[in-house]
2 protein chains.
Amino acid sequence: MTPPSVLRGRRPGIVDVARLAQVSPSTASRAIRGGAVSPDRRDRVLRAAAQLAYVPLQAAVRLSSGRTRTVGVVVPTAERWFFVEVVTAAARVLRAAGYDLLIFDGGHGEPGWLPEAGELRSKVDAVVLVASAASDDGMLALRDLAVPAVVVGGPRDVPGRVGVDDESGAATAVRHLVLLGHRRIAMIAGGTGAGFDRTSSSARRAGFRGALEAAGIPAGSAAIVSRPWGVAGGAAAMEEILGGDRLPTAVFAESDEMAFGALQVLRRAGLEVPRDISVIGFDNHEMAAVFDLTTVAQPVADQGRAAAVLLLELLGQGGPLHPGAGVTLPTSLIVRGSVCPPKGEL
Amino acid sequence: MTPPSVLRGRRPGIVDVARLAQVSPSTASRAIRGGAVSPDRRDRVLRAAAQLAYVPLQAAVRLSSGRTRTVGVVVPTAERWFFVEVVTAAARVLRAAGYDLLIFDGGHGEPGWLPEAGELRSKVDAVVLVASAASDDGMLALRDLAVPAVVVGGPRDVPGRVGVDDESGAATAVRHLVLLGHRRIAMIAGGTGAGFDRTSSSARRAGFRGALEAAGIPAGSAAIVSRPWGVAGGAAAMEEILGGDRLPTAVFAESDEMAFGALQVLRRAGLEVPRDISVIGFDNHEMAAVFDLTTVAQPVADQGRAAAVLLLELLGQGGPLHPGAGVTLPTSLIVRGSVCPPKGEL
DNA sequence: ACTTTCTCTGGCAGCGTTTTCATGCCGTGA
DNA sequence: TCACGGCATGAAAACGCTGCCAGAGAAAGT
């Protein structure tokens with residue numbers, strides 16, 4: 001006496017499709033997922049599915065197939081420009097491959113924050129770790145989670161790592177300044193704070209020092225001023241530099257965002273960039289062009305895409321990554337108007 | 001002869017927990033989810049769960065409970081600042097309440113883009129629509145999806161809507177200029193492009209016109225220049241304005257991002273802000289302070305949080321929203337250094 | 001002391017798919 | 001012509017968990 005389920009308000013299930021197509025549920029399932037089914041039956045099934053607007057219930061698919069078709073992305077701060085770009089680029093690739101993305105947001109970049117290993121395992125098939133999502137050791141711990149993982153940024157020798165060579169990028173920036181004649185160069189570096197990435201920060205410092213050394217510039221003139229990462233930190237660092245006894249002729253900022261803060265302070269102080277002082281950044285932030293900031297660009301979206309592709313490979317083949325897996329993408333110098341030769345120095 | 005499942009490599013299930021705690025699976029389930037269980041048993045169960053590092057498999061929970069504990073967020077462009085802020089703020093609230101977030105990214109803001117209704121229904125319990133995720137009618141179509149939904153931004157009379165009063169915000173900006181003596185005021189507006197929000201754009205134009213009218217300023221002097229939304233569009237619009245015969249003494253930009261582009265053009269043109277021309281924006285973008293831009297602030301994170309809270313309410317009570325549900329949050333004028341009285345006019 | 005009511009408990013039936021597995025069928029080679 | 005491999009098919013068994021239900025005690029009321 002109860003009406004057939006398909007007549008009631010319930011969402012259609014695969015059995016409804018099967019019944020309408022006059023096949024068994026197994027066949028319907030196979031037909032829908034592209035399994036081996038005779039052409040006429042496949043046709044009937046697809047037609048029935050379309051007619052009922054059938055969409056498989058994810059939870060059921062996941063339970064029975066044992067795969068979630070979801071990948072987790074672990075980031076320290078979901079708002080920061082770099083992470084946003086990486087994540088959305090990765091998301092597009094993964095989504096096109098039929099995967100959903102679950103974002104694990106570190107909240108406010110608190111150190112040591114990590115999603116529960118168990119939660120991760122119970123919700124996703126694999127994860128993308130975006131560097132500094134945790135301290136380096138925490139990151140490695142997560143990698144041992146028995147969940148397939150790739151890493152964006154962070155230490156260079158990790159398998160499945162996608163990133164750039166921060167050290168050589170920083171060196172490029174400094175060489176650019178040196179070639180123009182600068183000798184007194186300061187660096188504005190991040191120290192703490194949301195979005196701060198210890199690994200890339202120290203690599204960039206190393207590149208700074210290395211390039212100066214290679215140019216035969218005494219280490220003494222290489223002042224590195226550290227402040228909390230971000231625009232405000234950049235401003236604070238610049239103020240510190242302005243307060244010093246002898247102004248550098250050029251400043252290399254660890255990130256464009258810190259450079260922005262520096263530019264703001266310089267403008268307020270009445271100094272003109274680049275006439276009075278040159279400023280160079282790192283990242284090629286979307287606002288860098290607006291500030292006319294010369295900078296070292298890193299391919300941000302490409303890193304996200306590369307990570308996604310690597311992950312798909314990893315998921316596809318089933319096995320673990322071959323040890324050499326991973327990509328290091330190139331950085332490139334973008335010359336804009338915030339750098340010129342030092343005045344009256346040569 | 002097969003070893004008990006708990007000894008093999010398999011992840012522990014609730015039956016393993018139950019066995020270890022010497023209770024039935026039902027009791028284990030109740031204990032873990034905080035149901036009515038006697039203290040000693042609850043204790044045994046929790047201890048067993050901890051010992052086994054048990055985490056319920058999401059797919060199974062979802063299938064059997066019929067709820068996904070996931071909410072979808074539909075945005076036109078996942079990268080744009082406003083959406084990022086809204087989404088992460090909402091995510092934190094929802095996550096704290098035990099919900100996962102699934103982001104449906106419009107890709108590149110293509111008009112008419114919408115996630116498949118069926119997909120949505122099969123993956124989430126409810127959705128947050130962020131305005132202009134679709135044309136207004138598409139948005140309403142999505143609302144009729146039979147999935148509980150709240151909306152951020154968009155038309156004001158929609159139930160379950162969270163947002164600000166764009167019209168009065170824009171009027172505030174213009175009044176500020178008028179009070180300082182400006183009479184020739186131009187508006188830079190968005191027309192198309194990724195991240196462009198038709199509804200709020202036209203409300204802001206209306207506010208602009210209304211405030212001028214209220215001040216008795218002839219409509220003729222109220223030039224509105226439309227360009228694709230964003231920094232580049234703002235620059236293009238400013239160039240158009242500079243090319244005109246008589247310069248306005250002040251410019252109101254529909255969004256801070258467009259104002260940034262305008263400021264860049266003005267600087268390159270050798271005009272000084274605010275001495276030669278005043279600029280006021282809308283949004284209080286995170287970079288607005290860096291540009292020293294006077295602007296009308298809207299509480300972005302608050303909108304995300306409010307949407308999340310509203311959604312939780314909606315999910316909690318089971319029923320549909322009461323018709324009056326929704327919040328309109330206040331905007332506020334942030335006075336910085338990009339506006340001053342017009343020179344030589346009074 | 002005897003109901004009645006309430007609280008806690010375990011058994012069991014799903015939840016909607018996918019995935020064996022066994023079957024029947026067809027074509028192919030001997 | 002007969003046996004055999006391969007393929008398409010449907011029945012039924014998972015997948016791991018949460019409802020629902022009925023029963024067992026304990027508490028409370030008469």
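Me: With 22 C-beta neighbours inside 10 Å, does Asn284(A) count as buried or exposed?
Reply: This is a predicted model, in which local features need pLDDT of at least 70 and side-chain atom pairs count only at pLDDT 80 or more, while totals for chains, interfaces and linings use all residues. Residues are numbered from 1 along each chain as its sequence is written, and chains are lettered from A and ligands numbered from 1 in the order in which they are written. A residue is buried if 20 or more other C-beta atoms (placed from the backbone) lie within 10 Å of its own, exposed if 12 or fewer, and partly exposed in between. Asn284(A) has 22 such neighbours, so it counts as buried.

Me: What is the phi of Asn284(A), and where does this residue lie?
Reply: Most residues other than glycine have a negative phi. Asn284(A) is not a glycine, yet its phi is positive, about 60°. Strands (E, at least two residues) and helices (H or I, at least four) are DSSP runs, numbered from the N terminus. Asn284(A) lies in the loop between strand 9 and strand 10 of chain A.

Me: Does Gln22(A) count as buried or exposed?
Reply: Gln22(A) also has a positive phi, near 60°, without being a glycine. Its place is in the loop between helix 1 (14-21) and helix 2 (25-32) of chain A. Gln22(A) has 12 C-beta neighbours inside 10 Å, so it counts as exposed.

Me: Which residue is joined to Val273(A) by a cis peptide bond?
Reply: Most peptide bonds are trans. Here, a bond with omega of about 5° is cis.

Me: In what order do the 6 strands of the open sheet in chain A stand?
Reply: Two strands pair if DSSP finds at least two bridges between them. The edge strands, strand 7 (224-227) and strand 12 (332-334) of chain A, each pair on one side only. Strand 10 (residues 294-297) and strand 12 of chain A are joined by 3 bridges and run antiparallel. The pairing in the sheet is mixed, and the order is 7-6-8-9-10-12.

Me: How many residues does chain A bring to its contact with chain B?
Reply: Two residues are in contact if their C-beta atoms lie within 7 Å. The side of chain A that touches chain B divides into 17 nonpolar, 6 polar and 9 charged residues. Here Ala, Val, Leu, Ile, Met, Phe, Trp, Tyr, Cys and Pro count as nonpolar, Asp, Glu, Lys and Arg as charged, and the others, Gly among them, as polar. Chain B supplies 32 residues, and chain A supplies 32.

Me: How many residues are in the largest nonpolar core?
Reply: A nonpolar core is a set of buried Ala, Val, Leu, Ile, Met, Phe, Trp, Tyr and Cys residues joined through C-beta atoms within 7 Å. Among the members that touch the most others are Ile188(A), Phe252(B) and Ala262(B). Apart from this core lies another, of 82 residues, including Val73(A) and Ala126(B). The number of residues in the largest core is 84.
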